[in-house]
Amino acid sequence: MKAYKALIAIDLKLALRNRSVIFFNYLFPLAFFFIFGQAMHGERGAAMTIVISMVLIIGILGNGLMGAGIRAVQEREANILRRYKVTPITPAPLLAASVVTGWILYMPNVLLIFTLAHFVYGMPWPQSMGSVLIFVTVAIAGFRAIGLIIASVVNSMQESQLVVQLVYLPMLFLSGATFPLAMFPPWLFTVTQFLPATYLVIGIQGMLARNEGIVANIQPALALVLTAFVGLFIAYKLFRWEKGEKIRASAKLWLLAVLTPFLVLGFWQMHARTGIAKTKVLNRQIARGDTFLIRGARIIVGDGRVIENGSVLVRGGRIAGVYDGAGPDPKALKAEAIEAAGKTILPGLIDVHVHLGAPGGFSADMKYGAEKGMQRALAAYLYSGVTTVRSVGDLLDTILKVRSTVSSGEMLGSDLSTCGPLFTAAGGHGTEFFKGLPANARASLEKQSLRIPTSSGEARQQVDELKKQGVDCIKAILEAGAGGQVFNRLDTGLFNAVAQQAHADSLPLAVHTGDARDVADAVQAQADSIEHGSFRERIPDAVFEQMAKQGTFYDPTLSGGEAFKDFVAGKTDLLRRSLVQQVGPPELLRGTEEAMGSAQMEARRKSLAQYPVDMAIATLQSHGVPSGLVNAGGDLRIFGEPQPVHVRLPDAPGMLASLGLFADCALATSAAYFSSVESDGGLLEPLVDGARRIGVAKQGAARTTKEIRKEF
């Protein structure tokens with residue numbers, strides 16, 4: 001141990017007498033610190049993370065490759081090592097002393113840089129300062145070992161400088177120390193994953209920008225530790241005392257051996273691509289850390305106030321202040337001024353009812369699947385000013401993965417919360433979407449999209465499992481349908497079990513409803529939000545009063561109703577709006593336009609046009625009306641007991657002709673009712689369907705009910 005201490009003391013004295021050591025360990029990094037700090041406006045916050053990581057990496061590379069590698073060759077060339085040879089000493093103390101000396105010389109510089117960043121540029125002290133110091137210590141040991149390997153495999157000072165530059169320059173320019181990794185093309189970014197310095201940059205930036213600890217960077221830390229041990233071992237075996245001792249050129253391959261841990265990491269990153277993801281996260285995190293003052297804008301504050309000419313201060317990705325007029329001096333705030341005259345700033349919009357997995361239209365050539373479609377939708381929402389969305393029914397694994405990608409910062413998109421699968425009944429609303437699929441595909445999709453409990457215990461267990469998987473809320477379906485679309489309604493007891501467990505697990509409960517009864521049941525279960533409400537009948541005032549009293553939100557999804565009306569009418573104006581054109585996939589917009597004009601879609605629209613009549617009949621029946629006749633714009637529906645039907649005579653509109661009695665059927669007229677059509681010597685009117693030439697003859701108003709039904 002005495003030999004180690006003595007050599008460390010001697011090494012320090014020799015190093016401090018060397019002006020180049022002082023320059024490269026202190027003056028050179030400090031010069032870069034102030035140059036980059038001023039050029040990148042380090043006082044605004046975000047830039048200091050980049051500046052500090054750049055300066056530290058430049059210093060560590062110089063300390064290891066030049067401070068250890070070139071200096072060891074200099075001592076061998078100057079016959080200093082030869083003098084040690086005559087003493088009873090092995091290479092081990094010399095190599096260990098080199099590593100310890102490098103650490104002692106460089107760590108004061110690290111502390112000095114952080115001190116200057118704090119007092120000169122106002123950077124807060126890192127919360128994970130201990131992890132930063134540990135990581136830098138491991139990095140110094142690793143790069144000193146690489147430098148000592150270089151010293152062991154070269155035969156002259158000139159050769160050492162050449163090899164050092166071949167290692168130093170790629171690490172300097174391709175690791176992110178001087179140029180941001182985000183600007184590299186994908187193939188070059190993949191190459192950077194094989195460089196030890198890349199992990200050093202990403203690790204230090206993660207600790208500064210995201211307060212990561214050493215555990216979050218354990219892979220590169222262990223790789224550096226392994227590099228240090230392997231490098232020192234190989235340097236020990238190849239150690240030469242005198243400059244006359246030459247080594248074969250093939251010995252330089254040992255340099256690849258010491259870099260093996262990072263070659264393994266590089267190949268792993270080609271597969272896992274976690275390094276790429278982390279780099280994107282860091283870049284966005286650093287960008288959010290800047291400070292800027294937006295001036296001269298019209299500001300909708302969100303509390304009812306509107307500032308016609310104001311300023312907004314953003315610091316660290318959050319709004320730090322709202323001011324009337326120009327606001328404070330940007331220099332006093334250490335902020336960048338952004339002029340926004342003629343523009344409006346308003347709070348981010350929130351859409352609480354979305355289905356990201358739904359295609360949103362028709363296309364024969366969609367170029368991405370569910371995951372990419374969700375990512376694109378979130379990016380489109382954010383571009384449109386919607387900063388937060390709530391998914392109320394999507395594929396569970398996919399939506400959780402997408403949420404993780406967005407929340408981590410890897411992808412830019414609206415904040416996402418998700419309810420996960422829908423709680424419904426067997427044959428209930430939600431199950432109809434998968435009926436036409438093969439059994440295996442249907443089972444897989446239902447597992448991801450639906451929960452169909454058969455007992456209260458199972459309902460509670462399913463809610464608990466979703467809680468553990470990380471959903472933000474629970475959604476249940478209370479909808480029996482109406483008219484031509486009837487569903488099994490979720491049993492009230494099962495629904496109450498879902499609601500109770502959701503509340504117990506602190507998960508907000510959203511309930512899809514179809515009529516006033518559904519709304520009342522949901523409110524009684526203390527649902528946190530009502531989705532859709534009732535399109536069939538009026539919700540009683542008492543129910544709304546109870547909702548207001550207990551804090552139940554109402555989301556009527558009126559935009560969905562408007563879209564439904566446009567679809568039935570065959571209108572596609574919405575698709576041609578400027579913002580829709582900007583964010584919508586061209587193939588989706590084009591395919592939807594084409595589909596809307598197809599014969600198949602025309603039949604679908606006609607079917608949906610009967611929806612108001614269906615709702616009217618369902619309402620009458622729910623109020624105890626057993627039979628009747630409903631007429632909506634010429635579409636006639638008879639339900640229950642037979643009802644008499646009359647039509648006006650074409651040549652005498654003031655007179656009615658009886659068609660007889662009809663039961664449980666529909667009659668449709670067309671706009672061409674009064675236009676005469678000759679057929680078999682008589683005039684026909686298109687009572688039912690003009691295209692099929694089915695009608696009532698002008699002189700044949702006395703046809704029997706049976707004959708007319710036959711023509712139907």
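Reply: Cysteine 419 and cysteine 473 form a disulfide, with 2.4 Å between their sulfur atoms (the term covers a pair of cysteine sulfur atoms within 2.5 Å). Keep in mind that this is a predicted model, where local features need pLDDT of at least 70 and side-chain atom pairs count only at pLDDT 80 or more, while totals for chains, interfaces and linings use all residues. Residues are numbered from 1 along each chain as its sequence is written, and side-chain values use heavy atoms, with hydrogens and water left out.

Searching the whole structure turns up 1 disulfide. The torsion about the S-S bond of cysteine 419 and cysteine 473 is about -100°, so this disulfide is left-handed. Where do the two cysteines lie? Cysteine 419 is in the loop between strand 8 (415-418) and strand 9 (422-423), and cysteine 473 is in the loop between helix 18 (456-469) and strand 11 (474-478), so the pair ties together parts that are 54 residues apart in sequence. Helices (H or I, at least four residues) and strands (E, at least two) are DSSP runs, numbered from the N terminus. Both cysteine 419 and cysteine 473 are buried, where buried means under 20% relative accessible area, exposed means over 50%, and partly exposed is in between (1.4 Å probe, protein chains only).

Now the charged pairs. The whole structure has 15 salt bridges, each being a side-chain nitrogen of Lys or Arg within 4 Å of a carboxyl oxygen of Asp or Glu. One of them joins glutamate 339 to arginine 295, with the closest N and O atoms 2.4 Å apart. Glutamate 339 lies in strand 4 (residues 336-339) and arginine 295 in strand 1 (residues 291-300), so this pair links parts that are 44 residues apart in sequence. Glutamate 339 is exposed at 53% relative accessible area, whereas arginine 295, at 22%, counts as partly exposed.

Another salt bridge brings together the side chains of arginine 210 and glutamate 212, at 3.2 Å from N to O. Here arginine 210 is partly exposed, with a relative accessible area of 35%, but glutamate 212 counts as buried at 10%. Lys278 comes in as well: Arg210, Glu212 and Lys278 are linked in a network of salt bridges.

Then there's arginine 576 with aspartate 573, a salt bridge whose closest N and O atoms are 3.1 Å apart. Arginine 576 is partly exposed at 46% relative accessible area, and aspartate 573 is partly exposed too, at 47%.
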